[in-house]
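Dear colleague,

Please find the structure below, followed by a short account of what was found in it.

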Amino acid sequence: MPAPTSALLPRLHALVPRGRVFSSPAQLAGYASDALGYKSYTPDAVVLPADAEELAAFMQGARSLGVPVILRGAGTSLSGGPVAAQGGVVVHTSSLKAIRSISPDGFWCEVECGVPLNTLDAALKPHGLFYPPDPSSGPVCTLGGNVATNAGGAHCFRYGVTSNYVLGVEALLLDGSLHRFGGPAGGRGHWREDWKRFMIGSEGTLAAFTRFWLRLLPLPEKVWTFRATYPDLRSIEAAIHGLVAHSAYPAAIEMLDPRAVTIVENSPMAVGLPRDSFLLLTEIDGPAPLVDARVEPIAEILRSTGSNDVAFSDQDHLRQKLWKARKAAGGLLGQISPDFLVQDAVIPKRALADILQFLYDEADAASIPAVNLFHAGDGNLHPNFLFDSRKPGDLEKVELISARLMQRVLDAGGTLSGEHGIGNDKAAYMPLVFGPDSLRLQWAVPAAFNPAHQLNPLKVLTARRFTP
Amino acid sequence: MKAPQPLTSERLFTEFVDPVDATLCVPANTTAAQLQAQTATHHLRFPLLADPAASLAEHFAAATHAPASHRFGAHCDNVLGINWRLPSGRTARIGERVVKTTTGYDWLRFLLHSGSRFGEPLDYVLRLRPDSRFHAVARIDGSATSLHACLHPLLRGGWMHWWDAVDYIAGDGPPFLRIAIHCPPHEADAFQNELSRIASQSRAQLTFTPSAFPSAPSTDGLPDIVLKTTPDRTTALADALARHSVRCVALCYSGVVHAHLPPERARAEHILPLIQPLAPDLHALGGDWRSRHLPPPPPATAEAAWLRTLEDALHAH
């Protein structure tokens, strides 16, 4: 039987004497949902450890609290990840925000879990280095959340996702033990097995992370950004196929549908995009002698596949404006709809137009607006369904469309999630992906590290319920 | 929402080539040369192999990186899925056929280099890259000072992303740098000019050798020992091993040293004395070592319990 909140609070204060404990309804409301928003789960309490040492002390005492423990960074997850789905204590790691070391010649840095992504990039820039994963929530999302969800972003088409760049993870288990899996060198360390592989993308279900060692790359010398508009899905799909096969290796290939473009153009982020077309955004980078010579061949791919409106620039202020508009588009959805649900499926790119048309047809038939803005180069869809959870039947319609979409994605050879993680939003679909043997392997991982499922229960696998 | 019906069998991968997604599925015993022949017909390549005669399974059991990891990342960033035969004899699907996934816990990266400890691979799904139709190998010779002066612009400059590989070769005569280039033919001059500039600035000598198309996989062969450290320590580690007459290919950005031994020395009694003095420093940095000629070390105390849980699941019927 979990302890009542009144009994819990003194114990929390004892575990984090230098940190903070929140328990008032107004304070807890800020932690009731992630960026998905439409489902809320008020935690029993929130603790903010003052530093890594206090987080370690909390984790050592957490098992005896007898309530779920949910690690949380900035709460920008889009999968119902860092929420108290079974009640319990949310542990907000925002105080652990030190960039401890940058090794320019070793191409690695050591950071605490609460460092915001863009803060790291700003610190790396003077060294001529960057950390490639770039989710749209970069100004606020934390590296802890990025590692927990194996975050991606627009430039992952060429550069890869978070797991490609994590060299080491320091993890606190609920038995109070502290482990370093890997380190600056990115190997196994003294372990026989490479345990960090399970930690990355584990969505807070295995351990609390305190710090990471991340691999870095030199900043590209020069960048060209292109935008092109298309009248229909078939022609933009052809352009995407042409770009992914090109030896210029575009860093990013993004697509916005006419609804997404209109939302951007109706906002203060407007950059003068044509509203009634599908928009393709792509970028190439490299040393000037190479990348300048690649501009016209890329433009020709965009034109030859059906665009009458191709524009490109190497001017930083113009490029940044375009990217700002792209990255803000997801957030703007929250301003035009009471609720939205975003999916994260990945599909083989030959199926792009077919699956997008299926999605529009399903949503239109249910009178649910669907808006698409996504990482087309990776085949990583982000359909946003706009609805009002207070309106009877709306949520059920969205969930039904999502279920049909997921089945269609899997039939095409795709998967449920490319960069958001499963959380509790997509956990119900996991039995569609894993057969009996692979599902047993999935269960074995939390059974090894967090057998009582006290850490972040009801996530990844729906039956992961904490039983005190 | 009504719960979906669980699958009653695994969604195993079947052999395929998807030129649009640049992915393919092949048996694990496919050799590098066979794979090269298959991908070349689609103007694609899998650049991370080192021995034309060795199978994919042998490659992934022997090493975690290849010279072209400089540009494309470790093996585990380029293998998307595996049909994995469990110790029970059943087969599980691990991973996906699409290029990114966060669906569930990452068994793929955990199993890929585990050899036969937890079962065996039957098929791999690989991520391929466009074949740009021009391949060259550049060699830079010079003094130790010159070579290290060349390494800085090769690794820290804007061209870094576009070399296929930057390797430091030691233990086979005087050390030298080997840079692999893969680009469209019309860009070859730009690559050669940049390398000439780097070499001349450092008073080193450049030899630029284009190779026939289609380009053959690297012919270093499978390494006998693989050591993982940080990039800034890689050449020193290679030099340390080279003093024992070991040919070393240091993958400079990846922080990996591939050590190649004469066949008569590829045995535990020769390998362990080479490694034991180096291992503590490697481990302290979160690095490691492995050799395809030696069994893995016993598990550390803390991981024994985790392994038991995983092995129970792997062995279950």
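The centres of domain 2 of chain B and domain 3 of chain B, taken over C-alpha atoms, are separated by 23 Å. Across their contact, nine residues come from domain 2 of chain B and 15 residues from domain 3 of chain B; two residues are in contact if their C-beta atoms, placed from the backbone, lie within 7 Å.

This is a predicted model, in which local features need pLDDT of at least 70 and side-chain atom pairs count only at pLDDT 80 or more, while totals for chains, interfaces and linings use all residues. Residues are numbered from 1 along each chain as its sequence is written, and chains are lettered from A and ligands numbered from 1 in the order in which they are written.

Chain B is divided into domain 1 (16-130), domain 2 (134-211) and domain 3 (225-291), with bounds from an automatic or database domain assignment.

A second contact joins the two chains: 90 residues of chain A meet 71 residues of chain B. On the side of chain A that touches chain B, the elements supplying at least two residues each include β8 (166-172), α8 (233-244), α10 (288-304) and α15 (436-449) of chain A. Helices (H or I, at least four residues) and strands (E, at least two) are DSSP runs, numbered from the N terminus. The most is given by α15(A), with 10 residues. By class, this side of chain A has 39 nonpolar, 36 polar and 15 charged residues. Here Ala, Val, Leu, Ile, Met, Phe, Trp, Tyr, Cys and Pro count as nonpolar, Asp, Glu, Lys and Arg as charged, and the others, Gly among them, as polar.

With kind regards
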